Amino acid sequence: MARRTLRRTERSGTQTVERSFLLLKEICARNTTGATLPQLVKRFGWHRTTMHRLLQCMVRQGAIWLAPTSRKFFLGPLALELSLAVRPQQDLRSLFASAT
């Protein structure tokens with residue numbers, strides 16, 4: 001029994017991180033128009049509560065922000081902070097090619 005619990009814990013930890021990055025990439029792809037909670041639920045097929053919990057965490061961390069009137073998610077200030085932290089001497093083309 002302890003082994004199953006440990007495996008689920010390890011999997012869910014990795015799964016949560018992976019889902020967060022998938023969400024961030026999707027919101028980035030929709031950044032000009034924004035993405036709503038129902039759109040993201042439909043896109044990924046995850047439970048609405050799971051999606052909401054992940055999105056709220058990402059909002060608190062500044063990775064995304066929620067426009068109050070349209071209820072759409074957009075990239076947040078963390079995206080700019082991370083992009084500014086990329087070292088100027090790195091070859092950006094090769095860096096971004098490996099991320100896709």
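## Close-up views of a predicted model

View 1. Residues are numbered from 1 along each chain as its sequence is written, and side-chain values use heavy atoms, leaving out hydrogens and water. Strands β2 and β3 (residues 72–75) pair in the antiparallel sense over 3 bridges; two strands pair if DSSP finds at least two bridges between them. Helices (H or I, at least four residues) and strands (E, at least two) are DSSP runs, numbered from the N terminus.

**View 2. The open sheet has 3 strands.** Their order is β1-β3-β2, with antiparallel pairing. At the edges are β1 (35–36) and β2 (64–66), each pairing on one side only.

**View 3. Helices α2 and α3 cross.** The axes of α2 (residues 37–44) and α3 (residues 48–61) come within 10 Å and cross at roughly 120 degrees. Axes are lines fitted to C-alpha atoms, for helices over the stretch in contact, and angles run from 0 to 180 degrees between N-to-C directions. Contact (heavy atoms within 4.5 Å) involves residues including Leu-37 and Phe-44 of α2 and Arg-48 and Leu-55 of α3.

**View 4. Glu-26 is a buried residue.** Glu-26 sits in helix α1 (residues 2–29). Its relative accessible area is 13%; buried means under 20%, exposed over 50% and partly exposed in between (1.4 Å probe, protein chains only). Not counting residues up to four places away in sequence, Glu-26 touches Leu-40, Arg-43 and Phe-44.

Key: This is a predicted model: local features need pLDDT of at least 70, side-chain atom pairs count only at pLDDT 80 or more; totals for chains, interfaces and linings use all residues.
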